[in-house]
Amino acid sequence: MANATTSLPLFEKIPRKNTIQRGFDIIIFFLLLLLLVYRLYFLNHYGFTWILAFLCESWFTFTWVLVISTKWTLVDYNTYPDRLLQRVPEVELPSVDMFVTTADPVLEPPIITVNTVLSLLAVDYPSHKLACYVSDDGCSPLTYYSLVEASKFAKLWVPFCNKYNVQVRAPFRYFSGDDFTKSSGSDTSSNFQQEWKRMKDEYEQLCVKIEDAVQNQNIVPCDLTAFSEIDSKNHPTILKVIWENKEGLLDGLPGLVYLSREKRPNHSHRYKAGAMNVLTRVSGLTTNAPYMLNVDCDMYANNPKIVLHAMCLLLGSNSEKEIAFVQFSNAFYDGLKDDPYGNQLVVMLEYMACGFSGLQGFFYGGTGCFHRRKVIYGLQLDNIDSVNEEILKRVGSSKELMKSVAHALKGKTNSPDHLSNSIDTAYQVAGCGYEHGTSWGRQLGWLYGSTTEDILTGLRIHSKGWKSAFLSPNPQGFLGCAPSGGPAAMTQQKRWATGLLEVLLSKDCPILATLFAKLHWRQCLAYLWVFTWGLRSIPELCYAFLPAYCIITNSHFLPKVQEQAFYIAIVVFVIYHCYTLSEYLRAGLSVRSWWNNQRMARITTMTAWFFGFLSVILKLLRISETVFEITKKDKSTSSNGAHDVDAGRFTFDESPIFVPGTTILMVHLTALVVSLLNLQPPAHDGLGSGLGEVLCSVWLVLCFWPFLKGLFGKGKHGIPLSTICKSAALVLLFLHLCRMTTMG
């Protein structure tokens, strides 16, 4: 029986049956082609609006081709941690270095970081095989103090989790109610209840200490001399070993290290990518684990067996020569009901991510990802069995780091008591000038040149022929917090669109990687679907203004009702939306969730993605540089936003990112008034605007309904007067251009 168990695979790659989906994909594609053929046939008979509609619809058809190619082969991964434990003794499991990144104690409160760290320290994995490194780019004594206090609580929390097989190991989630049965077992004995209450009291005391320190700057004395008179943007490296498992106890507490890398005004710190590279070098000199996990400070480990799930894929048959990293699904806790901001990404991960899995694998999402250290060091797939001397020459001047990299390429790790012994050496590689003259950020580590350093790094790995795996276990591996307001959601989307377009227009473009490297053709198309987010804003904006333009100038861009081609457009619209609705229903979501995501797709594309596009254009023109903008993190423990009667209501601020959306709404409201009052000029060709243009205009008003409510809202739920004035000026300019067109 034991032999039979050891012969079973650690994971399975299971293709999905999606024949019906493929059929609808093809039907929509051919309908789009018919519409384009019709446009092309009558291109000489109509004017500007017809040509612009043809160009926009050509782009939409191209985008749909990318979607079809990506979703054609859906694949799921199943992992079997129990088989791994039967095959590999716990003492022989590989080591894992866990990285947590934070950058601003205000936007990313220390209590959020603390819960993420505690959940990682308590995962179901031999503790002497784990080490947790926290990178604090805000150089905050509050963050350091919080981690010191958290390490004291962890000495109680980790044994409690192991003893009672606790499933939710982030304390703020575990203690969010008074339910004693949140252990995986049904142990409700008096001993368990007493320990549960004691543990909750200890956690509440920890929260009070941290909150008191945040509110009153009342930090109980600990070793804070390194933070005296510190400027967060100009300071030396601060590296502290908060806890070390010196005895190498199997059931002890994993090592915990605080790191704030050196920063100087005349050195670019390269945002998160720079922080990850410093973490890689510092951990390489201390623990040098062959695998590295990185998570954002708000994304806690929700599944205690998360490391075992990842190891099933990384240690499975042939995985050593195939899978470079394992990306877990980015799911969210306490998501607002029906996803009002369209940023929970459930359907995208359900279908597109599994489509990527049928190719070379899902892209690196920046958090919740396990990496092979030697792949991050730039190891080529065809040189896997040899130590690449070129890599050693590019890691920098530290001989200890060269030795560490050589060990990593051979699969060796450092001894458990090596953590504190290498701290002095680690200061050198954490310096801001260490990377000068090296290949860090260009050929080694996390790559520079984009505000989405994660997907750029993953693309480079795929370009070397490596594959990746996307995993969504039950329960979810990691849970984070989604932006809960309009400004935060738009900022995040803008940063994504900016970084993705930067990659598309760089030497790392997936098309070049397919032609001159080892990126597969369909993987290239899948990457193009992502990288063109920013570019999509232009055809969508043009297409959005077309109905209003046609109504105001009494022209048309859609076939007339009496033409058969009119029904092509109607059928495409109906089938597409029924198709997307079925995806949401199959994913267990509501019709309201589907509608929220449909309208937010339009809003996001024409606002946040448009500003991402503008940012890249300004960068290419050398007018300004792109900036990494941190998304505000909020900790919540209430379900579905029930704690806030205004949860889900769209919020605004004075950011110019809301000007395009407000302008589109006001333009269409004006067009509908013009149509209702019959204020249109005579049609030049006798075929003025018709029912199709009016329906399109009404549809866009419905999509921008949150902006319509914002025109009459107050406070954060109302559009600022300055934004309304700017949009009104743009509407007047649009009307003037329409008038000039009709006069011409």
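This is a predicted model: local features need pLDDT of at least 70, side-chain atom pairs count only at pLDDT 80 or more; totals for chains, interfaces and linings use all residues.

Strand 9 (residues 323-328) pairs with strand 12 in the parallel sense, over five bridges. Helices (H or I, at least four residues) and strands (E, at least two) are DSSP runs, numbered from the N terminus, and two strands pair if DSSP finds at least two bridges between them. Within this pair, F328 stands opposite L471 in strand 12. In strand 12 (residues 467-471), four of the five residues are buried, so the strand is largely enclosed by the rest of the structure. Buried here means under 20% relative accessible area, exposed over 50%, and partly exposed in between, with a 1.4 Å probe and protein chains only.

Residues are numbered from 1 along each chain as its sequence is written, and side-chain values use heavy atoms, with hydrogens and water left out.

A further sheet is open and has three strands in the order 8-13-10, with mixed pairing. Its edge strands are strand 8 (300-301) and strand 10, each of which pairs on one side only. Strand 10 pairs with strand 13 (residues 478-480) in the parallel sense over three bridges, and A331 stands opposite L479 in strand 13.

I turn now to the second largest pocket. Its volume is about 1,100 Å³. Which residues are the closest to its centre? Of the 49 residues in the lining, they are K272, D296, R495, F628 and K633. Among the elements that give two or more residues to this lining are strand 3 (96-102), helix 9 (271-286), strand 10 (330-332) and helix 11 (346-357). Helix 17 gives the most, with four residues. By class, the lining has 21 nonpolar, 15 polar and 13 charged residues. Ala, Val, Leu, Ile, Met, Phe, Trp, Tyr, Cys and Pro count as nonpolar, Asp, Glu, Lys and Arg as charged, and the others, Gly among them, as polar.

The terms pocket and cavity rest on a 1 Å grid over the protein atoms alone: a cavity is a set of points where a 1.4 Å probe fits but cannot get out, a pocket is an open set with protein on both sides within 12 Å along at least five of seven lines, and lining residues have an atom within 4 Å of a point. Grid points are joined across faces, edges and corners, and a volume is the space filled by probe spheres set on the points.

K272 is found in helix 9 and is buried, with a relative accessible area of 13%.

The "active site" annotation in the unreviewed UniProt entry covers D137 and D454. The lining of the second largest pocket takes in D137 and D454 too. D137 lies in the loop between strand 4 (130-136) and helix 6 (141-164), and is buried, with a relative accessible area of 10%. UniProt positions are given in the numbering used here, feature names are shortened, and annotations may be inferred rather than shown by experiment.

How many cavities of 30 Å³ or more does a search of the whole structure find? The search finds two. The largest cavity has a volume of about 60 Å³, and helix 16 gives the most to its lining, with three residues. The second largest cavity has a volume of about 30 Å³ and is lined by I112, N115, T116, F172, D298, Y300 and Y333. Helix 5 gives the most to that lining, with three residues.

Helix 5 is mostly covered, with twelve of its twelve residues buried.
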